[in-house]
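Reader: I'm new to this one. Could you take me through the place where the ligand sits, slowly and in plain words?

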Amino acid sequence: MSRVALVTGGTRGIGAAISMALRNAGYKVAATYAGNEEKARAFHEVTGISVYKWDVTSYEDCGKGIAKVEAELGPVEILVNNAGITRDAMFHKMTPQQWNEVINTNLTGLFNMTHHVWQGMRDRSFGRVINISSINGQKGQMGQANYSAAKAGDLGFTKALAQEGAAKNITVNAICPGYIGTEMVLAVPEKVLNERIIPQIPVGRLGEPEEIARAVVFLAADDAGFITGSTISANGGQFFA
Ligand code: CAA
């Protein structure tokens, strides 16, 4: 029986590449999305991967959504907390709403999702939790006090939970992507991207979503059980943590 993997924000960007890579590696995949129906439907039509709609900022909706996935596909044994948003602004212009939206999605979303699968993983003595953090949680980024705080929080969450899960064969790891060529990064003003960001990347280009997905497949494997509490950086040499 193939294991079930759930990928939040799994129908677009890095998440879509993760969903497809896990499917290609033999997992049964559920991909969630929050709002973009059109993209989600197209993703399902092209890949055949099951898609589910809920917002990771709601603890109750996560519970209901995960129950539906488990009823349809089976117990979630691999959780990839990928869903994330940006609300970039210099701190002196940042609103409480911009702060709260990013913290609620990119940090509290990890609690809301993981809490609902954790007991099942403990009961079955197997689990893989893979959190998609960011280079900007490691190094900080101007214009992203909210995002950098949330993504750094994801790393603390990963390390604490890794210690709790270890005795039950549940690994918890983080991946820190650098700047990957997705809609999120391409929304950065072109001048900033070309003149400020890409010149800071030693490999001289943005990353590809598939270059993150392959790290997820590596961590999800049954024989990756000795790797826990780790942070894998995939950033083209832009920052060495
Ligand atoms: N790196 C280096 N310099 C940056 C920068 C960055 N990432 N972002 C902004 N700056 C610089 C600008 O070049 C500008 O410098 P100059 O005045 O010398 O030209 C200065 O900061 C102010 O920027 P703006 O004039 O653009 O100020 P603004 O108030 O109009 O906009 C902003 C501010 C919304 C933060 C905008 O600059 C921006 O979107 N910057 C990109 C921030 C960023 O890197 N976001 C990452 C998004 S991708 C992501 O988050 C995925 C991931 O995990 C990596």
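**Around the ligand**

Let's start with glutamine 141: an N or O atom in its side chain is 2.7 Å from a nitrogen atom of the ligand. That is a polar contact, meaning a pair of N or O atoms within 3.5 Å. On the ligand's oxygen atoms, a polar side-chain atom of lysine 93 lies 2.8 Å from one oxygen, and a polar side-chain atom of tyrosine 179 lies 2.9 Å from an oxygen. As for cover, the ligand on its own has 980 Å² of accessible area, and the protein covers 71% of that (Shrake-Rupley method, 1.4 Å probe).

Before going on, a word on the source: this is a predicted model, where local features need pLDDT of at least 70 and side-chain atom pairs count only at pLDDT 80 or more, while totals for chains, interfaces and linings use all residues. Numbering runs from 1 along each chain as its sequence is written, and side-chain values use heavy atoms, with hydrogens and water left out.

Back to the shell: there are 20 residues around the ligand, and Asp88, Ser134, Gln141, Tyr147 and Arg196 come nearest (a residue is near if one of its heavy atoms lies within 4 Å). By type, the shell divides into 10 nonpolar, 7 polar and 3 charged residues; here Ala, Val, Leu, Ile, Met, Phe, Trp, Tyr, Cys and Pro count as nonpolar, Asp, Glu, Lys and Arg as charged, and the others, Gly among them, as polar. Helix α8 gives the largest share of the shell, 3 residues (helices are DSSP runs of H or I, at least four residues, numbered from the N terminus).

Key: Polar contact = N/O pair within 3.5 Å; in protein donor to acceptor, adjacent residues only side chain to side chain. Helix = DSSP H or I, 4+ residues; strand = E, 2+ residues; numbered from the N terminus.
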